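Work through the exercises below with the sequence and the 3D structure in view. Each task is followed by a solution in steps.

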Amino acid sequence: MNNKEYRPTLAQLRTFVTIAENKHFGTAAAKLEISQPSLSQALVALEQGLGIQLIERSTRKVIVTANGEELLPYAKATLEAANAFHAHARGAHGTLTGPLTIGVIPTIAPYILPTLLRSITETYPELEPRFVEEQTEHLLGKLRDGQLDLAIIALPSEAAGMVDVPLYTEDFVVVTDNNDALAGREDLTPAELDSLKLLLLDDGHCLRDQILDLCRRAHINASEATNSVTRASSLTTILQLVMGGLGATLVPESAIATECTNPHLQVSRFDPSVTAEREVGLVFRSSAARAEEFRKFGALVTAAFEEALQRSRNV
């Protein structure tokens with residue numbers, strides 16, 4: 001029976017949202033860093049107080065009931081509002097303060113973070129940034145679950161319930177060893193990639209998908225152009241393989257100063273008429289109460305990229 005005096009706690013709402021998002025009690029308990037019995041007790045207390053069933057559980061699966069699906073957006077909005085209230089209470093309105101968890105993909109993080117962290121300290125002295133480096137798919141999942149506040153990724157995110165804010169466009173360059181016929185060129189065409197054995201990051205990295213898309217647009221058989229046996233999870237490893245003569249690769253231009261200073265590597269650029277680039281931006285939940293503050297934060301990300309780009313062009 002519905003208790004008219006009952007008011008759910010934020011902890012109970014957070015429990016409900018986390019279970020509904022993950023469809024698994026064990027996963028939800030781990031994310032909330034509580035025991036499964038405590039998780040179940042919080043959900044039962046919420047359901048009894050409301051007088052309705054939100055989650056249907058069995059030995060095999062967890063199902064969000066029709067009532068649960070209807071109330072889930074309101075629970076999420078309440079948690080967002082509470083987070084915003086807490087953030088604004090720690091400082092002046094419009095100023096980022098307190099904890100902020102930021103996701104960054106691996107092909108961006110190493111090149112902009114040194115400058116970005118310095119800018120954050122100067123611009124938002126009361127902000128407590130926390131960074132998570134993972135592939136795009138995992139970052140979007142954490143955003144949906146509320147584990148991240150925003151993410152810096154290649155756009156578009158194509159994720160429901162998210163807002164994309166474009167920040168900058170970045171060119172790709174080709175990296176070969178010194179002996180390659182394309183080494184040092186400034187007028188490459190995409191079709192010339194067909195002469196290379198391309199070494200790419202593992203599946204799941206958006207940079208891999210962007211390079212394969214460039215190959216397809218140049219009518220290059222991607223399966224033949226790329227090495228299907230040699231695999232790596234970082235650009236640093238890929239470039240070590242290039243130095244060893246195993247092939248060539250493409251990297252974002254901002255990575256040159258960090259990754260391509262070895263004298264055995266040569267950077268080649270596409271002709272200015274060629275479009276070989278990626279768009280990078282911020283992504284956050286459409287329900288985020290601090291959307292305008294996040295957009296202002298994006299200016300720091302853009303400035304950090306521009307500094308990394310200048311360092312690369314000076315190499």
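The model is predicted.

**Exercise 1.** Find out how much of β9 is buried, and which strands pair with β9.

Solution. Begin with burial: of the nine residues in β9, seven are buried, so the strand is mostly covered, where buried means under 20% relative accessible area. Next, take the pairing with β5, which is antiparallel and has five bridges. Within this pair, Ile-153 has Gly-281 of β9 as its bridge partner. Then turn to β6, which runs antiparallel to β9 and is joined to β9 by nine bridges. Here Val-280 in β9 stands opposite Tyr-168.

**Exercise 2.** Describe the largest nonpolar core and name the residues that touch the most other members.

Solution. The core has 43 residues, and those touching the most other members are Ile-112, Leu-116, Ile-152, Phe-297 and Val-301. Among the elements that each supply at least two residues are β5, β6, β9 and α11. The largest share, eight residues, is from α11. Now look at one member: leaving out residues up to four places away in sequence, Phe-297 touches Leu-96, Ile-102, Leu-116, Ile-120, Tyr-124 and Leu-150. Another core, of 37 residues, lies apart from this one and includes Val-175 and Cys-215.

Key: Residues numbered from 1 in each chain as written. Predicted model: local features only at pLDDT ≥ 70, side-chain atom pairs only at ≥ 80, totals over all residues. Heavy atoms only, no water. Core = buried A, V, L, I, M, F, W, Y, C linked by side-chain atoms within 4.5 Å. Buried < 20%, exposed > 50% of the residue type's maximum accessible area, 1.4 Å probe, protein only. Helix = DSSP H or I, 4+ residues; strand = E, 2+ residues; numbered from the N terminus. Contact = heavy atoms within 4.5 Å. Pairing = 2+ DSSP bridges.
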